[in-house]
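Welcome! Please take a look at the structure below before reading on.

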Amino acid sequence: NSQVMLAVFDSVDDTKLVEKALFKEMTEDLVLVDLFADVYGRKVLHYLLEPRSRQHCHPAALQKLESGDSNEHSKKSSADRSKELRTAISPALIKYCANHTEGMMKDKPQSQVFLSTATHAIGDLRPMIESVTSLAAKEYSEDHITTDECGHFVLKRLILLDKSRQEQADAPLLSLAILDKLLKGALLQWAQTNRGAFVVSSFFECGVKKAASRVKSELKKHVKQLKALKSSGSTVLCKHLSS
């Protein structure tokens, strides 16, 4: 029962015991496949990454969990407990996301856990950064990640995470990693579709000046061509290119 597991995460101070009793089995690849595919499995993963998130936990369920906050037998703060659990589960989630990037980014429910992992996991995110970069840098086609209904939105959100990543010393920046690996002319191909144009705009919106400068340098000469498309994505992009 997922609710019972959430209660365990909230109340058991011995996080090493939780790790041995639950995480050892949970982090086996076949079990993770089932957890990511199941609505209640995803709730458990979300709770480990974002405890008490109202976005991923029903208010009634949160109310029940909050009723246990006054547990006099607990000696550890909820913040310390949740951080220890997140630290323990993160490596397995990062590895899984890195190995299943395209399928997860194109699946709306699973993409939310993918984004949550990229945002809240503790540890080295380079495997995920490298996997997303390789996916984005694939030769352009009609099923490219930037043309996918869910995938283009997730890619944009991932690039925007560079806002906070660049504040961390030596943190890998997805925006620059993608630009370094893209084939010549790929940015223009992206920009000519509505969804792709929104992704290209994220290079301006992520706060990485070097990324914005490189995109502007490559696409500014194509502003007239892009304006003629008259899509909402190209309109936003042309504003960035003309500023």
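This report walks through the overall build, then the nonpolar core, the salt bridges and the aromatic pairs.

**Overall build**

A word before we start: this is a predicted model. The protein has 243 residues, and 46% of them count as buried. Its secondary structure comes to 17 helices, with zero strands. If you draw a box around the C-alpha atoms along the principal axes, that box is roughly 65 × 35 × 35 Å.

How much of the contact pattern joins residues at least 24 apart in sequence? Among contacts between residues at least 6 apart, the share is 67%.

In soluble globular proteins, nonpolar side chains tend to be buried together. Here, the largest nonpolar core holds 68 residues, and Leu158 and Trp190 have the most contacts inside it. Helix H6, which covers residues 78-99, gives the most to this core, with seven residues.

Which residues does Trp190 touch, once its neighbours within four places in sequence are left aside? Its partners are Ala136, Tyr140, His144, Thr146, Ile178, Leu182, Gly196, Ala197, Val199, Val200 and Phe203.

**Salt bridges**

Side chains of opposite charge can pair when their charged atoms come close. A search of the whole structure turns up nine salt bridges.

| Side chains | N to O distance |
|---|---|
| Arg81 and Asp13 | 3.3 Å |
| Glu84 and Lys76 | 2.9 Å |
| Lys106 and Glu102 | 2.9 Å |

Let us begin with the salt bridge between Arg81 and Asp13. This pair links distant parts of the chain, 68 residues apart: Arg81 sits in helix H6, while Asp13 lies in the loop between helix H1 (2-11) and helix H2 (15-26). Are these two partners buried or exposed? Arg81 has a relative accessibility of 4%, so it counts as buried. Asp13 counts as buried too, because its relative accessibility is 18% and the cut-off for buried is under 20%.

The salt bridge between Glu84 and Lys76 has another setting. Glu84 is partly exposed, with a relative accessible area of 32%, and Lys76 is partly exposed at 25%.

Lys106 and Glu102 form the last pair in the table. Lys106 is partly exposed, with a relative accessible area of 27%, and Glu102 is partly exposed at 30%. Salt bridges with shared partners join Glu102, Lys106 and Lys138 into one network.

**Aromatic pairs**

How many aromatic pairs does a search of the whole structure find? The search finds two. One of them brings together Phe36 and Tyr96, whose ring centres lie 4.6 Å apart. The planes of these rings are at 5°, so the pair is stacked. This pair links distant parts of the chain: Phe36 belongs to helix H3 (residues 29-37) and Tyr96 to helix H6, 60 residues apart. Phe36 counts as buried at 0% relative accessibility, and Tyr96 is buried with a relative accessible area of 4%.

**Bringing it together**

Terms used. Residues numbered from 1 in each chain as written. Predicted model: local features only at pLDDT ≥ 70, side-chain atom pairs only at ≥ 80, totals over all residues. Heavy atoms only, no water. Core = buried A, V, L, I, M, F, W, Y, C linked by side-chain atoms within 4.5 Å. Buried < 20%, exposed > 50% of the residue type's maximum accessible area, 1.4 Å probe, protein only. Helix = DSSP H or I, 4+ residues; strand = E, 2+ residues; numbered from the N terminus. Contact = heavy atoms within 4.5 Å. Salt bridge = Lys/Arg side-chain N within 4 Å of Asp/Glu carboxyl O. Phe/Tyr/Trp six-rings, centres within 6.5 Å; stacked < 30°, edge-to-face > 60°.
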